[in-house]
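Subject: Structure for your review, with notes

Dear colleague,

Please find below the structure that I promised to hand over.

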Amino acid sequence: MAYILGTTESELLKKIDKKREYIILKKKAAFNEYDDIKKIASENGYNYISYEKIPGRIYPNYALASQLIGYMGDEGYGLAGIEFSQQSVLSPPVDPLKDNPEQGKNIYLTIDSNLQYKLEQVAYQTMQETGAESMMVVAANAKTGEILSYISLPAANLNEYGLESAESKINRPSNNAYEPGSVFKIFTVGIAIDEHKISPNDSFLCDGGYEKRLSNGETIKIKCLDHHGWLTPREALKYSCNDVLGQIAETIPDGEFIKRIKLLGFGEKTGIELSGETTGFVKEPNAKTWSARSKPTIAIGQEISVSALQMVQAATAIANGGVPVRLTVINKIVDREGKVVFEHQPEYKEPALNKTSADYILSCMATTASTGT
């Protein structure tokens with residue numbers, strides 16, 4: 001029997017000789033191991049060996065989208081991801097007073113497995129080339145809000161979840177907040193255009209850094225990466241110019257700027273079907289930590305924290321004519337008889353930009369991607 005359990009006779013005897021009420025010979029034995037052990041026990045009259053079936057799942061895609069899918073523990077309860085947040089759907093609690101207890105249902109995710117696999121390969125390669133410690137990739141359909149790819153690296157092999165590192169179990173796109181940096185500039189320009197504070201034809205001079213002198217004599221400085229000269233808003237995005245973005249931010253009143261940022265969904269949860277989602281942090285103009293440099297700094301993606309999901313949801317407004325779409329990872333829920341009991345329908349939020357402004361920013365993003373930074 002020792003060889004079936006993956007040990008030696010001496011080690012097995014040592015374990016059995018210990019004076020205990022019972023000992024566990026092996027946890028999570030495979031079915032073929034169970035069959036072999038049962039056969040030997042039966043042939044030799046080992047009636048003191050018992051067997052206990054434990055609930056569990058086989059995860060055929062191993063680490064693919066592992067933080068999203070989550071993990072079901074030995075007791076049959078979800079411990080992370082969809083397995084945890086949708087426990088009551090996948091395995092409803094049994095009501096002893098009911099003759100026909102509610103049966104668990106099947107959840108179909110919005111993930112495109114082919115896209116997920118391909119993007120994970122790109123992500124792993126990028127991590128290797130750059131030496132990055134972690135990476136996130138989220139791709140969504142901007143018209144429906146359905147998330148097509150959800151990547152958080154490093155990722156855990158769900159079939160060996162208990163052996164994986166804590167780092168590989170972190171659900172970064174949903175739970176981690178960070179300073180978005182220059183990617184945030186598209187929203188700053190979009191708000192200024194939408195508020196009619198600037199126009200696409202306006203020009204701003206970049207002389208190497210944003211500078212503002214306060215009435216008390218203090219001078220605020222934000223360095224730019226270059227001396228870009230005269231730039232339109234499109235060119236400011238193309239070259240990721242801190243100086244011009246600071247000037248653009250100053251055209252918008254503090255309160256209105258923060259109000260519009262919140263309208264894009266920053267500072268609140270997206271409502272994704274996962275636990276532990278962060279709200280991020282948006283500073284208020286009346287906060288003690290608000291300073292004269294807060295607005296131009298927020299304009300370039302600093303002094304604000306966001307989640308990757310918030311960034312994607314806000315970007316759906318730009319790609320969807322100004323209207324953000326609530327994100328989802330659940331496409332449909334089907335009962336055991338194959339009846340669809342839930343099917344996702346797009347949920348549109350309050351318009352965050354008018355269509356003209358959104359289309360303009362979308363064209364600026366195309367310019368930046370093709371010829372800019």
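Does His196 count as buried or exposed? At 69% relative accessibility, His196 counts as exposed, where exposed means over 50% relative accessible area, buried means under 20%, and partly exposed is in between, with a 1.4 Å probe and protein chains only. His196 sits in the loop between helix 8 and strand 6, and although it is not a glycine, it has a positive phi of about 60°. Helices (H or I, at least four residues) and strands (E, at least two) are DSSP runs, numbered from the N terminus.

Before going further, please note that this is a predicted model, in which local features need pLDDT of at least 70 and side-chain atom pairs count only at pLDDT 80 or more, while totals for chains, interfaces and linings use all residues. Residues are numbered from 1 along each chain as its sequence is written, and side-chain values use heavy atoms, with hydrogens and water left out.

As for helix 8 itself, 10 of its 10 residues are buried, so it is largely enclosed by the rest of the structure. The cover over these buried residues includes helix 9, helix 10, helix 11, helix 12, helix 13 and helix 14. If neighbours within four places in sequence are left aside, Phe187 is in contact (heavy atoms within 4.5 Å) with Leu264, Phe266, Met311, Ala314, Ala315 and Ile318. Helix 10 is mostly covered as well, with 7 of its 8 residues buried, among them Val244, Leu245 and Ile248.

The packing of helix 8 against helix 14 can be described in some detail. Their axes come within 9 Å and cross at roughly 145°, where axes are lines fitted to C-alpha atoms, for helices over the stretch in contact, and angles run from 0 to 180 degrees between N-to-C directions. In this contact, Ile186, Val189, Gly190, Ile193 and Asp194 of helix 8 meet Ser357, Tyr360, Ile361 and Met365 of helix 14.

Ile304 lies in the loop between helix 12 and helix 13 and, at 3% relative accessibility, counts as buried. The C-alpha atoms of Ile304 and Gly267 are separated by 9.0 Å, although the two residues are 37 residues apart along the chain.

Rings of Phe, Tyr and Trp (its six-membered ring) pair if their centres lie within 6.5 Å, and planes under 30 degrees apart count as stacked, over 60 as edge-to-face and the rest as tilted. By this rule the count comes to 5 aromatic pairs. The rings of Tyr71 and Tyr161 have centres 4.4 Å apart and planes at 15°, so this pair is stacked. Tyr71 lies in strand 1 (residues 71-72) and Tyr161 in the loop between strand 5 (147-153) and helix 7 (172-175), so the pair ties together parts that are 90 residues apart in sequence. Tyr71 is buried, with a relative accessible area of 10%, and Tyr161 counts as buried at 13%. Ring pairs link Tyr59, Tyr71 and Tyr161 into a cluster.

Asn159 is placed in the loop between strand 5 and helix 7, and at 28% relative accessibility it counts as partly exposed. Not counting residues up to four places away in sequence, Asn159 touches Arg57, Ile58, Tyr59 and Tyr62. Tyr62 has a positive phi of about 55° although it is not a glycine. Pro154 also has its place in the loop between strand 5 and helix 7, and the peptide bond from Leu153 to Pro154 is cis, with omega near 5°.

With best regards
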